[in-house]
Amino acid sequence: MSVWELFIAFLLGFVEGLTEFAPVSSTGHMIVVDDLWLKSSEFLGSPVANTFKVVIQLGSILAVVVVFRQRISDLLGLNMDTRGTQDKLRLSHVFIGLLPAGVLGLLFEDYIDEHLFSLKTVLIGLVIGAFLMIAADLISGKKVKIETVDQISYRQAFTIGLIQCLSLWPGFSRSGSTISGGVLLGLSHRAAADFTFIMAIPIMMGASMISLLSKWEYFTMDMLPFFTIGFISAFVFALISIKFFLKLINRIRLIPFAIYRIILAGVIYVFYFT
């Protein structure tokens with residue numbers, strides 16, 4: 001592969017890593033960067049390009065696992081120190097949070113793939129999701145009842161899971177919907193973000209592995225350098241992005257991301273429809 005093509009793998013990993021867990025829609029960014037500029041499908045072919053985007057998602061997932069390794073250890077019962085476990089987030093909270101979107105995703109997977117994956121639906125998701133985020137910040141005010149993820153109740157976990165169903169609409173953003181939902185329920189922005197990222201691990205891992213297995217025939221040895229660079233790039237930049245985001249989210253909140261989403265939707269609209 002040429003140096004430029006390998007640089008494209010790096011750039012796509014960079015975009016995936018920076019945007020996958022921020023509430024800005026990685027789908028929207030991939031449209032702008034890849035479909036409008038890099039056009040990886042032209043030299044890879046659509047099946048290989050789609051497989052590559054699954055592989056780099058696994059790099060982002062690995063970054064979440066690294067950041068939350070202690071929390072994951074607690075959830076899986078691998079931490080021998082059990083002091084205060086009655087007040088900690090449990091694996092059952094995560095399961096309950098995943099249940100609504102998981103069921104709806106399985107029931108409507110074919111419909112979503114056939115009817116909702118279009119540029120217009122992504123634009124709608126970007127804008128409506130932005131308004132949800134603005135509403136969450138304005139309505140929540142300073143009435144934070146839950147400062148840490150360990151204080152989440154089962155009812156709140158399930159309600160956040162229901163709100164996460166909005167992210168089945170492409171462009172809405174999983175993190176945007178769940179963080180907004182958590183904030184509306186009285187969680188601090190950091191607590192909502194922590195719960196969002198923890199739930200993302202099984203969701204993205206399962207979806208990515210299923211997609212990768214179905215496209216395994218396109219994972220050839222001559223593509224290995226391209227896939228490897230993209231995976232490493234996504235991992236490194238997701239690691240940086242997650243740590244940076246978690247440090248800032250309580251301070252900057254959601255409105256700046258919402259404004260950015262609206263601007264992104266405008267950029268996509270101008271390039272595609274004018």
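The turns below treat this predicted model.

Q: Which residues does the UniProt annotation "transmembrane region" cover?
A: Such annotations may be inferred rather than shown by experiment. The unreviewed entry lists 51-68, 89-108, 120-140, 192-212, 224-246 and 252-272. Check two spans against the model. Residues 224-246 are 100% helix, with end C-alpha atoms 33 Å apart. Residues 89-108 are 90% helix and 0% strand, with their end C-alpha atoms 30 Å apart.

Q: How many salt bridges are there?
A: The test is a side-chain nitrogen of Lys or Arg within 4 Å of a carboxyl oxygen of Asp or Glu. The count here is 6. One of them joins aspartate 34 and lysine 53, at 2.9 Å from N to O. This pair links helix 2 to helix 4, across 19 residues.

Q: Is aspartate 34 buried or exposed?
A: Buried means under 20% relative accessible area. Aspartate 34 has 2%, so it counts as buried.

Q: Where do aspartate 194 and arginine 190 lie?
A: Both are in helix 10, 4 residues apart, about one turn of the helix. Aspartate 194 is buried at 10%, while arginine 190 is partly exposed at 30%.

Q: Which elements give two or more residues to the nonpolar patch?
A: Patch residues need over 30% relative accessible area. This patch covers about 850 Å², and Phe95, Tyr111 and Phe158 are among its residues. Helix 6 and helix 8 are the elements concerned. Helix 6 gives the most, with 7 residues. Leucine 162, also in the patch, lies in helix 8 and is partly exposed at 44%.

Key. Residues numbered from 1 in each chain as written. Predicted model: local features only at pLDDT ≥ 70, side-chain atom pairs only at ≥ 80, totals over all residues. Heavy atoms only, no water. Patch = residues over 30% accessible without salt bridge, like charges linked within 9 Å, V, L, I, M, F, W, Y side chains within 5 Å. Areas by Shrake-Rupley, 256 points an atom, 1.4 Å probe, with all protein chains shown as cover. Buried < 20%, exposed > 50% of the residue type's maximum accessible area, 1.4 Å probe, protein only.
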